[in-house]
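This briefing goes with the sequence and model shown below. Please read the points against the structure.

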Amino acid sequence: MAVTRRALLRGGFTVTAVGALGATIPISAGAAGEPKAGPNAVARPTMHGCAEWGARPPNGTIQVLDHKPTYIVVHHTAGGNSNDFSLDHAFAISRSIQDFHMDDRGWIDTGQQLTNSRGGHVTEGRHRSLEILDGGTRHVMGANVGDHNSEIIGIENEGLYSTVDVTPQLWDSLVRLVAYIAQQYDIAPSEIKGHRDFNATECPGEVLYGRLPELRDAVGAVLGTPVTQPYSWPLLKPGASGARVLAAQHLLRARGAAVPTDGVFGTSTFAAVRKLASANGVAYEPCYAGRVADESGFVGSTTWPLLVRTVRAGDSGDVAAAARTLLANRGERAGGDVLVDTAMWRRLLS
Ligand SMILES: [Zn+2]
């Protein structure tokens, strides 16, 4: 059912969004570093600045870095899936996030650079984000992806997308916005990421994260650039089961954790992952847009590099057992001579 639904959505996108984009967004042919204005530039989407939505002044100096961001990161706010698609509601969401980030997190301003509402309205997050994005050469330092804020520009998408899809308005707006950012900074579609590609978090939700390949394709089509889909470490959390969980359990045992090898992500696996992350100095970096469940024991992008190491499939021990589990799951040969290095782990786990 999921495949059918996804295919239908993709078909729907082709009809509606490409039609709309085709009418308003000509293909970009600008060379790297060239001014972005002109007949071949991606049109600047409507973006509402801090003054429009009534932002509070920042509680400190906005840091502007003298380089472009490397990645565009998609988040969800993990808040309610409102059916109020108005501009006023988008402004209210922006104010509420800013209040949370300044009053509860103690940050100088909103953490993300941009916010996209379920009605498809884009607002400025951290002050100066629009001015610097339009300039296309520098980067407003935000606070939305732990340990990576100097290299990412983040978009908070209103709602929770763990089990349900985004609205068509949010999606179309996201495609336009990401295409514009990609053009301004010459960022390849392969560098469009989800928050979970950097931190072990659910964000931007299983459903929205699952649509990132489609987002890269759509942005590539707008920009007229080829698209390479990157491999990514999977996110495993309580309730998950199967070969990847079993592999993670073998890898945890190889690191000294007394977890079962039942292929079911239970409480002892969660506790072992949290302990491993803590012992290796991996800061707990959940998504800060909203208040979310405890994600400290999720297996994600910061966990796998601590777990995998190069082995041959025929070696003894738990690491090789994990490799054989994944090879068998893929229907691939698990002969003793098969070398499983980091690239191979990434491919087998993706
Ligand atoms: Zn996030």
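Predicted model: local features only at pLDDT ≥ 70, side-chain atom pairs only at ≥ 80, totals over all residues.

Residues are numbered from 1 along each chain as its sequence is written.

**Whole chain**

- The protein chain has twelve helices and ten strands; these are DSSP runs numbered from the N terminus, helices being H or I of at least four residues and strands E of at least two.
- Of the 350 residues in the protein chain, 45% are buried. A residue is buried if 20 or more other C-beta atoms lie within 10 Å of its own, exposed if 12 or fewer, and partly exposed in between, with C-beta atoms placed from the backbone.
- Among contacts with a separation of 6 or more, 72% are between residues 24 or more positions apart. Two residues are in contact if their C-beta atoms, placed from the backbone, lie within 7 Å.

**The six-stranded sheet**

- Six strands form an open sheet in the order β1-β5-β4-β7-β3-β8, with mixed pairing. The edge strands, each pairing on one side only, are β1 (47-48) and β8 (192-194).
- Two strands pair if DSSP finds at least two bridges between them. Strands of a sheet pair through backbone hydrogen bonds, either parallel or antiparallel.
- β1 runs parallel to β5 (residues 122-124), joined by two bridges, and M47 stands opposite V122 in β5.
- β4 (residues 114-116) runs parallel to β7, with three bridges between them; T115 has E156 of β7 as its bridge partner.
- β3 and β7 are also parallel, over six bridges, with I72 opposite I153 in β7.
- In β7 (residues 152-157), six of six residues are buried. Both faces of β7 are covered, with I152, G154 and E156 on one side and I153, I155 and N157 on the other.

- Helix α5 (residues 168-185) has 18 residues and spans 26 Å from its first C-alpha to its last, close to the 26 Å expected at 1.5 Å a residue. That expectation is 1.5 Å times one less than the number of residues.
- α5 is largely enclosed by the rest of the structure, because 15 of its 18 residues are buried.
- Helix α7 (residues 212-223) lies across β3 (71-76) and β8, at about 160° to β8. Axes are lines fitted to C-alpha atoms, for helices over the stretch in contact, and angles run from 0 to 180 degrees between N-to-C directions.

**Nonpolar cores**

- A nonpolar core is a set of buried Ala, Val, Leu, Ile, Met, Phe, Trp, Tyr and Cys residues joined through C-beta atoms within 7 Å.
- The largest core has 41 residues, of which V178, A179, I181, A182 and V219 touch the most other members. At least two residues of this core come from each of β3, α4 (129-135), β7, α5, α6 (206-210) and α7, and α5 gives the largest share, eleven residues.
- V219 is in contact with V175, V178, A179, A182, P189 and I192, leaving aside its neighbours within four places in sequence.
- A second, separate core of 36 residues includes L251, A272, V273 and W345.

**Loop residue D262**

- D262 is in the loop between α8 (243-254) and α9 (267-279).
- D262 counts as exposed because it has 12 C-beta neighbours inside 10 Å.
- D262 and G242 are 20 residues apart in sequence and 8.7 Å apart in space, C-alpha to C-alpha.
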